Amino acid sequence: MAALTDQAVIEQLASFRQYQHDGERVPHKPLLVLLALARLEASGSSALPWSAAETKLADLIVEFGPSSQTSRAQAAAYPFTRLRRDGVWTLSRDVPDDNVRPLREGDVTGHLTPELEAALRQRPELLRTVARRLVEAQFPMTIAPDVLSAVGLDPDLVLETAADVVDLVARRRRSAGWRERILEAWDRQCAFCGYDGQLGGVAVGIEAAHVRWFNVGGPDTDDNGMALCSLHHKLFDRGALGLDGNHRIQVSRAFSARTEAAKQVYELHDVTLQPRRGTPLPAPHHVDWHTRQVFKGVALPA
Ligand SMILES: [Zn+2]
């Protein structure tokens, strides 16, 4: 068995063309690969029995994937069977794609190919490089550490690893100055709560947030961004907060809070964004994308 080079491993596991579909979020396969990498790092084997995938992988898809009508088991069966086509994943039995029953009945186990396992087992840095590239291609940085923790990888170790051992993917370039333009346009205040803290005269805890995620085709334009405080940026990227067609803030019913501090999030519901004169509101097609691809399910009643 010829050893795979670092470049070949990265190309096989983290070339993102197989993971995107016309700007729709399809994080199912990357989440499965991340889960397999975590198991490989922890135990020396990426083997994942269907019984574990049906719970753990399904949880990850529900938590970090777009809302869907598909059943949990079905959502997990899709990557568990179809990742075979990418040549990186094998199953202990030959079963049809997408079909839950044979997976359950056959007690099927999946794992990364032996060549990949061999290459990754010897090189923890390479494993982390692959993990970093996968997570950065799929999720904004507000969420990447949560995803890594949830699959069982250490976010600090993964995110400090060099992601560009070889840059195989023509990464889209961020346009210079977008962040600064957005912060300026929104007066360095959170568009949701108005927070405008400064430290030594510099805004602190205020971030430029994409409505449609940059890594899923969202442009660095004035109508695809808002200034948000760190908390509301995170809740917006996780889908706890969204916007409706009239630029009213929406709070997901999936969000729950127990303390008065956290319950203040509920108070944002149905509040209309009011940027200063001349600042464009987020464009309807970007808001639509966020509603379909990120926002968690149903909003609170008006
Ligand atoms: Zn805020």
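Between which strand and which helix does the loop that holds Asp-98 lie? Asp-98 is placed in the loop between strand 4 (89–91) and helix 5 (100–105). The structure discussed in this report is a predicted model.

**Residues in loops**

Asp-98 is not a glycine, yet its phi is positive, at about 65 degrees. Arg-188 is another residue that has a positive phi although it is not a glycine, here of about 55 degrees. Arg-188 belongs to the loop between helix 10 and strand 6, and a relative accessible area of 27% makes Arg-188 partly exposed.

Thr-113 sits in the loop between strand 5 (109–112) and helix 6 (114–122). Is Thr-113 buried or exposed? Its relative accessibility is 9%, so Thr-113 counts as buried. Leaving aside residues up to four places away in sequence, Thr-113 touches Gly-87, Val-88, Trp-89 and Thr-90.

The table below gathers the accessibility values for residues of this report.

| Residue | Relative accessibility | Class |
|---|---|---|
| Cys-190 | 3% | buried |
| His-232 | 7% | buried |
| Thr-113 | 9% | buried |
| Arg-188 | 27% | partly exposed |

**The zinc site**

Which atoms coordinate the zinc ion? The donors are SG of Cys-190, SG of Cys-193, SG of Cys-229 and ND1 of His-232, at 1.9 to 2.3 Å. The angles that these 4 donor atoms subtend around the zinc ion run from 93 to 120 degrees, and the arrangement is therefore tetrahedral. For four tetrahedral donors, the ideal angle at a metal is 109.5 degrees.

Along the sequence, the spacing of the donor residues is C-x2-C-x35-C-x2-H. Cys-190 lies in the loop between helix 10 (178–185) and strand 6 (198–199), whereas His-232 lies in helix 11, so this pair ties together parts that are 42 residues apart in sequence. Cys-190 is buried, at 3% relative accessibility, and His-232 is buried as well, at 7%.

**Helix 11**

The helix that contains His-232 spans residues 230–237, and its buried residues are His-232, His-233, Leu-235, Phe-236 and Asp-237.

**Empty space in the model**

Rolling a probe the size of a water molecule over the atoms shows where empty space is left. The count of cavities of 30 Å³ or more comes to 1. The largest cavity holds about 50 Å³ of space. Its lining includes Asp-237, which is also among the buried residues of helix 11. Other lining residues include Arg-25, Glu-63, Phe-64, Trp-213, Arg-238 and Lys-296. By class, this lining has 5 nonpolar, 1 polar and 5 charged residues.

The second largest pocket contains about 220 Å³ of space. Of the 13 residues that line this pocket, Ile-61, Pro-66, Ser-68, Thr-70 and Ala-75 lie nearest its centre. Helix 3 (50–64) and helix 4 (72–82) are the elements that give two or more residues to the lining. The lining of the second largest pocket divides into 6 nonpolar, 5 polar and 2 charged residues.

Notes:
Residues are numbered from 1 along each chain as its sequence is written. This is a predicted model: local features need pLDDT of at least 70, side-chain atom pairs count only at pLDDT 80 or more; totals for chains, interfaces and linings use all residues. Side-chain values use heavy atoms; hydrogens and water are left out. Helices (H or I, at least four residues) and strands (E, at least two) are DSSP runs, numbered from the N terminus. Buried means under 20% relative accessible area, exposed over 50%, partly exposed in between (1.4 Å probe, protein chains only). Contact means heavy atoms within 4.5 Å. Donors are N, O and S atoms within 2.8 Å of the metal (3.2 Å for Na, K and Ca); water is not among the atoms, so sites may look incomplete. Four donors count as tetrahedral if all angles lie between 85 and 135 degrees; four count as square planar and six as octahedral if opposite donors are over 155 degrees apart and all others between 65 and 115; anything else is irregular. On a 1 Å grid over the protein atoms alone, a cavity is a set of points where a 1.4 Å probe fits but cannot get out, and a pocket is an open set with protein on both sides within 12 Å along at least five of seven lines; lining residues have an atom within 4 Å of a point. Grid points are joined across faces, edges and corners, and a volume is the space filled by probe spheres set on the points. Ala, Val, Leu, Ile, Met, Phe, Trp, Tyr, Cys and Pro count as nonpolar, Asp, Glu, Lys and Arg as charged, and the others, Gly among them, as polar.
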